[in-house]
Amino acid sequence: MSPTASIVKTLLAGTFAFVAAAQAAVLLSDDFESDHPATVTNVGSLSNWTISNGTVDYLKNYPGISCFGGSNGCLDMDGSSNDAGRITSSATFLIQPDVTYRLSARISGNQRSGDDAVNFGILDMDDGGATWLAVGTAAVAAGQSFGEYTLEFSHTNAAFNARIYFEGTGGDNVGLILDNVLLASLDDGTPGTGVSAPAPLLLAGAGLLAAGLVGRRRRRA
């Protein structure tokens with residue numbers, strides 16, 4: 001897969017870092033606990049997501065791999081087909097102007113071997129989902145413990161419909177572990193009503209810091 005940048009109808013301001021959680025209006029929260037009763041390699045369905053552009057593995061009590069907090073249910077973003085996959089939210093969200101949104105997830109490094117990355121952000125569904133907006137990349141070293149990777153974005157143009165996505169990179173059947181996805185709005189666009197959040201807490205050796213401020217489009221290579 002190779003990225004091709006394209007200028008789009010709206011420009012989103014994005015920031016990307018480890019941050020402490022703040023109270024917010026939750027639009028989507030998914031810990032992958034109840035999708036399946038056991039591990040499913042190259043999983044075909046998830047409760048809140050569609051799967052495309054490769055495969056992901058659904059992990060539950062899988063030997064040698066831990067989900068966040070020791071919970072049961074998480075995703076290996078490089079499935080068992082030598083082709084890392086993308087998950088896209090089944091739900092569509094109306095992205096309002098002058099509102100700050102936060103997309104976050106708990107992500108660990110590859111728990112077997114190799115450095116990997118996950119791209120994530122939002123898709124503009126008003127153009128069929130072809131345009132990627134506010135893109136972040138979590139590049140995580142092998143063996144790194146779970147951290148909270150967060151992308152914040154807002155815009156000033158007309159409201160539009162969007163979905164969120166996460167996409168693994170690589171093709172060796174072992175990838176980053178994804179858990180506890182959260183999408184929230186931090187305010188309603190009215191001056192003075194925003195929910196304050198702690199300043200970003202940057203952790204040493206994060207191996208991240210990439211944010212996209214213009215649309216991106218990916219095609220199969």
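**Notes on the strands and their contacts**

1. Four bridges join strand S4 to strand S7, and the two run antiparallel; strands pair if DSSP finds at least two bridges between them. Strands here are DSSP runs of E with at least two residues, and helices are runs of H or I with at least four residues, numbered from the N terminus. In this pairing, Ile51 stands opposite Ile87 in S7.

2. This is a predicted model, in which local features need pLDDT of at least 70 and side-chain atom pairs count only at pLDDT 80 or more, while totals for chains, interfaces and linings use all residues. Residues are numbered from 1 along each chain as its sequence is written, and side-chain values use heavy atoms, with hydrogens and water left out.

3. Strand S7 is also joined to S13, by three bridges, and these two strands run antiparallel; here Thr88 stands opposite Tyr165 in S13. In a regular strand the side chains alternate between the two faces of the sheet. Within S7 (residues 86–89), Arg86 and Thr88 point one way while Ile87 and Ser89 point the other way, and all are buried. Buried means under 20% relative accessible area, exposed means over 50%, and partly exposed lies in between, with a 1.4 Å probe and protein chains only.

4. A search of the whole structure finds two salt bridges, a salt bridge being a side-chain nitrogen of Lys or Arg within 4 Å of a carboxyl oxygen of Asp or Glu. Arg86 forms one of them with Glu167, and the closest N and O atoms are 3.7 Å apart. This pair links distant parts of the chain, with Arg86 in strand S7 and Glu167 in strand S13, 81 residues apart. Arg86 is buried, with a relative accessible area of 10%, and Glu167 counts as buried because its relative accessibility is 0%.

5. In the other salt bridge, the side chains of Arg102 and Glu152 meet at 2.2 Å, N to O. Arg102 lies in strand S9 (residues 101–108) and Glu152 in strand S12 (residues 147–154), so this pair ties together parts that are 50 residues apart in sequence. Both ends are buried, for Arg102 has 7% relative accessibility and Glu152 has a relative accessible area of 19%.

6. The structure holds five aromatic pairs. Rings of Phe, Tyr and Trp (its six-membered ring) pair if their centres lie within 6.5 Å, and planes under 30 degrees apart count as stacked, over 60 as edge-to-face and the rest as tilted. Trp49 and Phe166 have ring centres 6.2 Å apart and planes at 75 degrees, so this pair is edge-to-face. Because Trp49 lies in S4 (residues 49–52) and Phe166 in S13 (residues 160–168), the pair ties together parts that are 117 residues apart in sequence. Trp49 and Phe166 are buried, and together with Phe32 and Phe120 they form one aromatic cluster.

7. The count comes to one disulfide, which is defined as a pair of cysteine sulfur atoms within 2.5 Å. It joins Cys67 to Cys74, with S to S 2.1 Å, and both cysteines are buried. The link of Cys67 and Cys74 is left-handed, with -65 degrees about the S-S bond.

8. How high is the mean pLDDT of the protein chain? The mean is 77, and 74% of the residues reach 70 or more, where pLDDT is the predictor's confidence in each residue, from 0 to 100. pLDDT stays under 50 over residues 1–22, and it also stays under 50 over residues 191–221. Where pLDDT is low, the predicted coordinates should not be read in detail.

Conventions. Contact means heavy atoms within 4.5 Å.
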